[in-house]
Amino acid sequence: MTTGEMAKAPALFLRNATGLVKGWSGFDAFAYAFMSVNLVALGMFYSLAIFGYVPDGSAVLSILITAVGMTFMAIAYAGLIAAMPRAGGDYVWQTRVLDGIPGAVVGGAFGAIALFLVGTALALDTTFTYGLMLLGVLVGAALGLKRGGIGFVLSATGWWFILALWAPIYGFIFKIEFVQPLAAVFGWKEGVDFFGTADGTFAVSIFTIVVTSALVALGMAGYARIQRWCLYIGLIALAVMFILMLVSSQDAFKAAYDREAMSQFGVSNAYQATIDQGTAQEVAGGDAGSFSLGFPTFALVPFMLFFLLYPNWGSTLYGEVRGAGDFRKVMNGMLGGLWATAGLAVVFVFLAAKAFGWEFFNASNGTYVNYAYGYVTDAPVVPIWGFPGLLASYLIDSHIVQAIIVIAFGAWWLGWTGTLFLSSTRMIFAAAFDRVLPEWAARVSDRGVPWGALALIMIPSVVLSWLYSYQAATFYPLTLDATLVIAVTFLGSSIAATILPYWKPEIYNASPVAKYKIAGLPVISIAGLLSTLFLGWVIYLWLSDPLYGIGVGNADSIKFLGALYGAAAVLYVVARFWRRAQGVDLDAIHAEIPAE
Amino acid sequence: MRVFFATDIHGSEVCWRKFLNAGAFHKADVLIMGGDMTGKAMVPITGSDGTWRVTLQEQETLLNGEAEVAAMEKRIADRGYYPIRMSPDEVAASQEDPSLVDARFKQEMLSQVERWMALADERLAGKGIRCIVSPANDDIFEIDPIIAAAKEVELGESNLIDLDGISLVSTGWANPTPWNTFRELPEPELRERIDGLLKDVPDRRRAIFNFHAPPFGSNLDNAPKIGADMRYVSGGQALIPVGSHAIRDAILEYGPVLSLHGHIHEGRGAVKLGKTLSVNPGSTYEDGVLQAAIVDLDVKKAEVKRYLLING
């Protein structure tokens, strides 16, 4: 037989056995990634609404640069999934890989930076701050030295604690993208006013918590079908918006906006007044067509991560990975979702400039954010946020059609919000099975409802919703912390991906990703290193540049972050001593049994 | 009494070797293998005259010489697949005639179980560690007598085994699956089988149920939903309970001190069902990681003192 004939030999023979399936649809992988880097619920709400704050930056290039950076992360994650399928995500990956010297180095560096920042935020004197920093090195290194510690701290904060802050943010997004626009379209002025208050924000946050908890209680099987429909409906809404923006002139939009502002809010000449207010607040500048590669463009990148950080969000349960084809499918799904979203975001930027006018668009966003975040006391000209879906709908002079468009855009929120607590409950289960959390955290009712895990995420979510609503001046500016904490978790996994071939070669060599090399170097290490550098740079900017409002210029933010990471570290240390007193050795969880 | 329980290693050589060493490593008194110990796939290594070709995980490799072939065979076996050397003619014949593949599978499975039992006899001799192996729904019936014949291993299936006054009752039969495997029963018949196994147990509270299928709706039985085309629905995100109602009802009715399960590799966890601690340690056998449960029992009080799910 010739070599060519031999190459046709089957790679393996399978017998009929439980669990052997034909894999999953590549479209599913794409759909999850696409809905996770949510152009509307996340992108339009935040990232695409802040260009006025960095007017000299290039909106388009900042999106593309961010997508390039996230490409490395997606490849690194696809590699981790291929190397350790079904492992359950960051918690297990970090726990399995980050130990010994690398774990101690990561933990020590992390502890040093964290406690140095906390010392600075508490305005302690230099000696005490450096003392804290040394304590951070020792505690962090100790946590990182043995398996479990650093993985727990980074994953508990990124997949559990910080999602309690995401609950009111999800609620706020629902409020300003759905509830208030609908109330305005239907002429329900009391509704617009109520949801503009702290009580209104708290109400939608509680609604969000109830909805997301109910979806966890009901299970993902039914919700998965809802998500599919949400994707289709959301894409139709987006297409309608793009078409309206494409075929309309700026003059037509100005007239439509002034008409609806008068009709819905009794405000005259709102378009120009918004520009004037934005100009006065220095948030109306910029050029959507700029392709400047200067520092301002790079300064926009950390803002873009608010929506482009999550192509890997649904990546932990793709199932049994048998080969390189599955690795490519995971990677392509994530990259497809990422780059499709980035492409649509770029299109949106050009269309917003064309249809709304870049000056107006930035002014509308900036004046609302400034007021909502408490940066200024002047209310915006129009009392609700200029949600792009609503603005585009104004081009059709029919409140019914406007309402239909806004409702259809709600699919972007509904199809995405259900995974909020799902991620937390999985993390809580994993920690409970590892005996770090008490048994009741993993209990389920007779109907399969994980009440313990839900309580552990619902209760802090209600508390943070209350703070977000009633201490808005302090907590609204912490919105970007919600992204930072998750980015730190992803940084940990990026480091794990980088060192995997060298630190855990037995896992790497047995995986399908081992075949991918560039210039003799493992692709997973190259992608992991570039992802580490990218995320590390962004985290440095977040923490060091006052532009982002969450770093050294905002002591509340640092204290909040310190409390999160401190609580996770304390929880882990207490759990170790508590379990030891019960005769349970947590080190045994990850101790490898010798085979020979 | 310390029980070390692992399951669903599906032919992984390294996982079996770790299992046999786990007693000494974790100071366990009893080792229990919950079944599904045979592999699901054979990987042909084709060629002759010292040059061989193999495709593992969609990566084709040329092997030169016996040392390279042996290293590849170990790698394949550690993942739970059976490496089979075949001539090009044998490959062609197997592709033409599925019965040849079935026969080779059977040969490989029996051969492996024989080797594993011999290894168990060698490693456990004189250690004072009891070892119980109970085949499950993916295992052919022909392995049962091989296990029963081992000196240091006791066959769990349908045998009532006394562990210092605690009764171990085992069955690898499961509720029906989409794959129509060897040991499946409709729920009513499964319940009858369980009741039959329990009729000679003197005190059912002082019992361990080693039932392969997890109890329905316990979170130990959450598996990715699959469609009629046998593909994951929604990228594997849609999890549904697929466990056994009969096993759940039996646990709740009889209240054994401990119930041990496997079957659903993704269903790793521990839950309380009534007074019973129910455990599914999960399985990641392809990674060469032996997931297991270590349970310390107070045999006098028939209580679980502590437990730990490990990744060995």
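**Burial, ring pairs and a charge over a ring**

Colleague: Why is Tyr468(A) called buried?

Modeller: Tyr468(A) has a relative accessible area of 1%, and buried means under 20%, exposed over 50% and partly exposed in between, with a 1.4 Å probe and protein chains only, so Tyr468(A) counts as buried. This is a predicted model, in which local features need pLDDT of at least 70, side-chain atom pairs count only at pLDDT 80 or more, and totals for chains, interfaces and linings use all residues. Side-chain values use heavy atoms, without hydrogens or water, residues are numbered from 1 along each chain as its sequence is written, and chains are lettered from A and ligands numbered from 1 in the order in which they are written.

Colleague: What makes Phe174(A) and Phe207(A) a stacked pair?

Modeller: Ring centres of Phe, Tyr or Trp (its six-membered ring) must lie within 6.5 Å, with planes under 30 degrees apart for stacked, over 60 for edge-to-face and the rest tilted; 60 aromatic pairs are counted over all chains. Phe174(A) and Phe207(A) are 5.3 Å apart centre to centre with 15° between their planes, hence stacked. Phe174(A) is buried at 12%, while Phe207(A), at 40%, is partly exposed.

Colleague: Why is the pair of Tyr468(A) and Tyr476(A) called tilted?

Modeller: Their centres are 4.6 Å apart and their planes stand at 40°, so the pair is tilted.

Colleague: How do you know that the charge of Arg435(A) sits over the ring of Tyr307(B)?

Modeller: The rule asks for NZ of Lys or CZ of Arg within 6 Å of the ring centre and within 35 degrees of the ring normal, and the charged end of Arg435(A) is placed over that ring at 3.8 Å from its centre.
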